[in-house]
Amino acid sequence: MSTKTTEFSRSLERVKSGAELATEVDALLALLTDEEKLWLLDGDDEFWPGMGEMSAGYNMRPIIMGRVDRLGIPGLRFSDGPRGVVMGNSTAFPVAMARGATWDVDLEERIGTAIGAEMRAQGANFFGGVCINLPRHPAWGRAQETYGEDSLLLGEFGVALTRGVRRHAMAVAKHYALNSMENARFTIDVTADDATLHEVYLPHFRRVVEAGVDGIMTAYNSVNGEWAGENERLMEGILREEWGFAGVTVSDFIFGLRDAAKSLRAGLDVEEPFRQQRAGQLPADLEAGRVVWSDVDRAARRILATQLAFFARPLDAEPGLEVVFSPEHRALSREAAATAIVLLKNDHVNGAPLLPLNREGLDRVAVIGRLADLPNTGDGGSSNVRSPEVITPLRGLQAALPDATVTFAGEDDPQAAAIAAAGADVAIVVVGYTAADEGEYMGDLTSQPELLNLFPPAPEGVDLAALMAGAGDSQHTMGTALGGDRRSLRVRPVDAEIIRATAAANPRTVVVIVTAGAVITEEWRDAVPAVLVGWYSGSEGGTALADVILGERDATGRLPYSIPTSEDHLPPFDIDAAAITYDRWHGQRLLDRDGHQAAFPLGFGMSYTSFDIETIELGDVDGEEFSAFVTVRNTGKRPGRHVVQLYAAVEAPDFPQRVLVGFAPLTLEAGKTRTVRLAGSTRPLQRWTDAGFAPAADSVRIEAAAYSGDHDAVSVGLHLARS
């Protein structure tokens, strides 16, 4: 923020000195002209120049909304995105789903602090990357931007990222609410009853509100018949009245509202990112009485209050540009990528588990697959991070094995893969997806008049088709046929053939899956001894993969979702649906209800050592929390990291059989024992009723486990008092 003395800076100093925030907000509001009040309510850039800049490179600089130079109001200076700062050439961290696989909120908070520092150094103050939507189905194209299938996990990670970012910037959570379909996101109406909303799809948003999140971005889709950006029940009812949210609400970009007056009346404060519908419609709407000035003042107060509160709070020291893609942040990205890798299978070969590999016995290594040497950090849309360097799996292994001969076979040719694998000490096959398979999706907007009608009239000479194609920025999938919801939960047929051909030629075969969501592996998993989920792993992913494969780090990731054995065990998913109903059943809880055993359950992941959970003791329930004290022993021969997971086994009609209520990672030396305290939450054990939340059962069994349904879990009863 400028050091020049302005009306805003004077108000800020008074707030820092103890003045009431509301008093200073009212004083600033009184100084604004009517035109300036309306200026606060949308982006500062004119629509068509802004679209032209976006198509040439999305969010290359802060996108500014509501700056008023006359009074020194700095404005909301927006930066995406969930895996790092989209602006400039920033550090790409592993995608959020990978970070969810760490089950480590302290690590996520450190990542949030790094992201906040990089965006602040580049002039932004408003981070739109706390994505906490619950993926009802693993085919959702943007599942990579969120943390897992469980609301408790989503909430705790959203809070951690928010806490870290807020040391440097305002944090914005999205997409509120029920956004978990990509191809139909602009048109679909999602129906959910109050119980489903409050028990499944909203608790994580409530958690970030309680943690002080500064902004909430509404979704594109309609919720129970009202567009999310015009949904008064969601914004003024649940968000403000029930939860006490005091920050600012903003629309998703360009298509986030359909009626300027209705959105303002419903509680949407800012239309992002340009001067679009509100700039064109609100003056006439005010004159005609479709909206009143008190609605404008309400939004303006929230916008001003959010900025004053942000600049008044203690922040970390302002960083310089040297933090962007700094060695420290690259090291953090590497740590996160290594921690996230999930070991799904590790069979014995010649009497010992195949992984970790002994580098001393590696003279010839075959690295196979089209993705093995492809910089592949995830979606190419609004979450894209343009890191100056991305270490691929091939490069990471070559650097880690300088004395070995590393052969690369990247073509889609099973025979070539078998030839490369034959005679090698180990074959590593990298399969999975890219932004062409899953990610942000625009479709052909030129054939969707209901969306194009939201644009102001185009100036002469504007080529809409070229603009929508993202001319000049091949990394942004705006308007292309790339991305969207996945059409399959399996690897390509040719990849399955390559895996089987490689394994037939070399019994020491490791498969690494590059993905965000669940991948069904039934048609090839039996052929290979070792399988890893490697994720879209950020700038340093290849180095991190080598760290884990070679045993420099333990295999520590745990699945943030369940993986079924069949697509038939999942909820229905029509990527082109016009309407859909969400209920409480998805993921692990749906598998449990229907009696289907998961291929890999929620929380599953293997280690290079072994652990026993020996005892559990509980403290009393205090409000909506309780403490669990769990004793864990490392029974293996090397140090390792375990994730202790607390599940509640519940016996109640029309309620999940088992729900996650807490978790904590811990590191143990070989043979050592440690007792760890876990914070448990009773919120997942509550049922929504007409009178509010109530316990679903009088008592539950609390299990300390390695994953959901762990047969070796230890358990103890917990009584839930009814009010």
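Strand E15 (residues 364–368) runs parallel to E16, and 5 bridges hold the pairing; two strands count as paired if DSSP finds at least two bridges between them. Strands (E, at least two residues) and helices (H or I, at least four) are DSSP runs, numbered from the N terminus. Within this pair, Ala366 has Thr407 of E16 as its bridge partner. The model is predicted, so local features need pLDDT of at least 70 and side-chain atom pairs count only at pLDDT 80 or more, while totals for chains, interfaces and linings use all residues. Residues are numbered from 1 along each chain as its sequence is written, and side-chain values use heavy atoms, with hydrogens and water left out.

Both strands belong to an open sheet of 6 strands with mixed pairing, in the order E12-E19-E18-E17-E15-E16. Strand E12 (342–346) and strand E16 (405–409) are at the edges with a single partner strand each, so one side of each has no neighbour in the sheet. From one strand to the next, the twist averages 15°. Helix H15 (residues 393–400) packs on this sheet and touches E15, E16 and strand E17 (426–432), its direction making about 170° with that of E16. Contact here means heavy atoms within 4.5 Å, and angles run from 0 to 180 degrees between N-to-C directions, with axes fitted as lines to C-alpha atoms, for helices over the stretch in contact.

Another pair of elements to look at is H8 and H9, which pack at an angle of about 55° with their axes 5 Å apart. That makes H8 oblique to H9, a class for angles that are not under 35 degrees (roughly parallel), over 145 (roughly antiparallel) or 65 to 115 (roughly perpendicular). In the contact, Leu197, His198, Glu199, Val200 and Tyr201 of H8 meet Pro203, His204 and Phe205 of H9.

The largest pocket has a volume of about 860 Å³. A pocket is an open set of points on a 1 Å grid over the protein atoms alone, where a 1.4 Å probe fits, with protein on both sides within 12 Å along at least five of seven lines; lining residues have an atom within 4 Å of a point. The volume is the space filled by probe spheres set on the points, which are joined across faces, edges and corners. Of the 42 lining residues, Leu152, Glu156, Arg207, Val661 and Ser681 are the closest to the centre of the pocket. Strand E24 gives the largest share of the lining, 7 residues.
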